[in-house]
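Work through the exercises below with the structure open. Try each task before reading its solution.

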Amino acid sequence: MTQSTQTPSPSQALAGLGLVLPPAPKPVASYVPCVRTGNLLFISGQLPFRDGALLATGLVPDPVSLDRAQEAARQCILNGLAVVAGECGGSLDRVARIVRLGVFVASCGNFTEQPKVANGASDLLQQIFGESGRHARAAVGTNALPLGASVEIEMLVELR
Amino acid sequence: MTQSTQTPSPSQALAGLGLVLPPAPKPVASYVPCVRTGNLLFISGQLPFRDGALLATGLVPDPVSLDRAQEAARQCILNGLAVVAGECGGSLDRVARIVRLGVFVASCGNFTEQPKVANGASDLLQQIFGESGRHARAAVGTNALPLGASVEIEMLVELR
Amino acid sequence: MTQSTQTPSPSQALAGLGLVLPPAPKPVASYVPCVRTGNLLFISGQLPFRDGALLATGLVPDPVSLDRAQEAARQCILNGLAVVAGECGGSLDRVARIVRLGVFVASCGNFTEQPKVANGASDLLQQIFGESGRHARAAVGTNALPLGASVEIEMLVELR
């Protein structure tokens, strides 16, 4: 498929952003990174792992700054997209639409800017997928996340 | 389509309840109010905005009473239905079924009546849609929600 | 359909585990135990009720141990499967795939082993359904759940 310079493919957009997808995570225990039903791909909740370590642990905004939490949200998305690519032969080009994000932010009780944290994820998806990357979203706080991560994100993707 | 007096349309039921849908919220940042995939419409998490201000902020039941939280839950639903109507040419009559609600209640640690808060949402949906308004639901507590809102609700709707 | 001894049906696997599904819970208030749309069955958030009482209330790991929370997670799954069976004429054999779990664990602020709690649910599903039981999953902590339950789990199931 030819792509005009105005509408780069998701893979081209990733490269243009200087981003490389991490290796797709391996199945852990009795659950799997994603399940496809019809055209819908449900991706398990992703933590902000980078090179085997969590990018941010602890509550937002203290000790984890808003900036750092946004970066963690971006990393969750990269990890989730690695799962998608792993399901689709290594490419993101079969993504028809990012349908929904569930964003959980480990939050101090008085922190109310979960949407700004989630924007780290949402903005990246729009940069990579353009209009197809614009999604429905629920962003909420929580007092505790797995392994002490500051952010966890689950994704729902429509494939073509 | 004719409607008997026994089964008013959702729009008629809304009017009968003396309720008017608010204007559909505009897209904010990189996410959108809803995404349709097949017949499923995923609606972003809704906060209890009314006339531009949040109806309830803070934890339930202190400082926000159970009654007030139920009212906030109702408002989240009205805002979500405004999104649905905005997607469907201004009417709710293409709603085939309310499939699922995700209800998050900003809760004091010892508050355990999240289902009663969520009933504010669920009862309203049944009043508006009758049998088609009866849905699956997950209601949970949390220590912090966006902008300090007391309730956030996301919806999944099947359209015909 | 014949089943080899290597691949017992879900009902046979349940019996082999010495487990019996509880009675399907009755509809409560304005929401229902599950909603089907197409081949997808959305099951409402399940609490760890057994014989009418909650198996575990309070935060994990204190006062509720990790072991006890895992047992509660298993009970949530049994209750959810009772809903599925109730929808499918009493059998689990029409389950094509467990698609997704949403697992909420009432957590002390320093508890970060929500995945281990959720494994109680995930492992049981794999024992019952084999490969078809392996699912996508989001496991998060929260400060408060309905009725003080230690665990709440919602399920998404694909039927054939």
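**Exercise 1. The face of chain C toward chain B**

Task: Count the residues of chain C and of chain B that are in contact, then describe the chain C side by element and by class.

Solution. Step 1: 22 residues of chain C are in contact with 26 residues of chain B. Keep in mind that this is a predicted model.
Step 1: Assign the chain C side to elements. Those giving two or more residues are β1 (34-37), β2 (40-46), β5 (95-106) and β7 (151-159) of chain C.
Step 2: β2(C) gives the most, with four residues.
Step 3: Sort by class. The chain C side holds twelve nonpolar, eight polar and two charged residues.

**Exercise 2. The face of chain A toward chain C**

Task: Describe the side of chain A that touches chain C, by element and by class.

Solution. Step 1: Count the contacts. On chain A, 22 residues are in contact with 26 residues of chain C.
Step 1: Find the elements. β1, β2, β5 and β7 of chain A each supply at least two residues.
Step 2: Find the main contributor. The largest share, four residues, comes from β2(A).
Step 3: Sort by class. This side has twelve nonpolar, eight polar and two charged residues.

**Exercise 3. The sheet of chain A**

Task: Give the strand order of the chain A sheet and explain why β1 and β6 of chain A each have one side without a neighbour.

Solution. Step 1: Trace the order. Five strands of chain A form an open sheet, β1-β2-β7-β5-β6, with mixed pairing.
Step 1: Look at the ends. β1 (34-37) and β6 of chain A stand at the edges with a single partner strand each, so one side of each has no neighbour in the sheet.
Step 2: Recall how strands join. Strands of a sheet pair through backbone hydrogen bonds, parallel or antiparallel.
Step 3: Take one pair. Strand β2 (residues 40-46) of chain A pairs with β7(A) in the antiparallel sense, over five bridges.
Step 4: α2(A) lies across β1, β2, β5 and β7 of chain A, at about 35 degrees to β7(A). α3(A) also packs on the sheet, touching β5, β6 and β7 of chain A, and its direction makes about 160 degrees with that of β5(A).

**Exercise 4. Helix α3 of chain A**

Task: Compare the span of α3(A) with the expected value, then locate its bend and its buried residues.

Solution. Step 1: Take the span. Helix α3 (residues 114-129) of chain A has 16 residues and reaches 23 Å from its first C-alpha to its last, close to the 22 Å expected at 1.5 Å a residue.
Step 1: Find the bend. α3(A) bends by about 30 degrees at A:Gly120.
Step 2: The cut-off for a buried residue is 20 or more other C-beta atoms within 10 Å of its own. Twelve of the 16 residues of α3(A) pass, and the helix is mostly covered. Among them are A:Val117, A:Gly120, A:Leu124, A:Leu125, A:Ile128 and A:Phe129.
Step 3: Name the packing partners. The buried residues of α3(A) pack against α1 (10-16), α2 (66-87), β5 (95-106), β6 (136-142) and β7 (151-159) of chain A.
Step 4: Look just past the helix. A:Gly130 follows α3(A), and its phi is positive, near 65 degrees.

**Exercise 5. The β1-β2 hairpin of chain C**

Task: Find the bridge partners of C:Thr37 and C:Cys34, then describe the turn.

Solution. β1(C) and β2(C) pair in the antiparallel sense over four bridges.
Step 1: Read off partners in β2(C). C:Thr37 is bridged to C:Leu40, and C:Cys34 to C:Ile43.
Step 2: Inspect the turn. The two strands form a hairpin with two residues between them, and C:Gly38 in the turn has a positive phi of about 60 degrees.

**Exercise 6. C:Ser132**

Task: Is C:Ser132 buried or exposed, or in between, and which residues does C:Ser132 touch?

Solution. C:Ser132 is in the loop between α3 and β6 of chain C.
Step 1: Classify it. C:Ser132 has 17 other C-beta atoms within 10 Å, so it is partly exposed.
Step 2: List contacts. Leaving out residues up to four places away in sequence, C:Ser132 touches C:Val95, C:Ala96, C:Arg97 and C:Ile98.

Technical notes: Residues are numbered from 1 along each chain as its sequence is written. Chains are lettered from A and ligands numbered from 1 in the order in which they are written. This is a predicted model: local features need pLDDT of at least 70, side-chain atom pairs count only at pLDDT 80 or more; totals for chains, interfaces and linings use all residues. The expected span of a helix is 1.5 Å times one less than its number of residues. The bend at a residue is the angle between axes fitted to the seven residues ending there and the seven starting there. Two residues are in contact if their C-beta atoms, placed from the backbone, lie within 7 Å. Ala, Val, Leu, Ile, Met, Phe, Trp, Tyr, Cys and Pro count as nonpolar, Asp, Glu, Lys and Arg as charged, and the others, Gly among them, as polar. Two strands pair if DSSP finds at least two bridges between them. Axes are lines fitted to C-alpha atoms, for helices over the stretch in contact, and angles run from 0 to 180 degrees between N-to-C directions.
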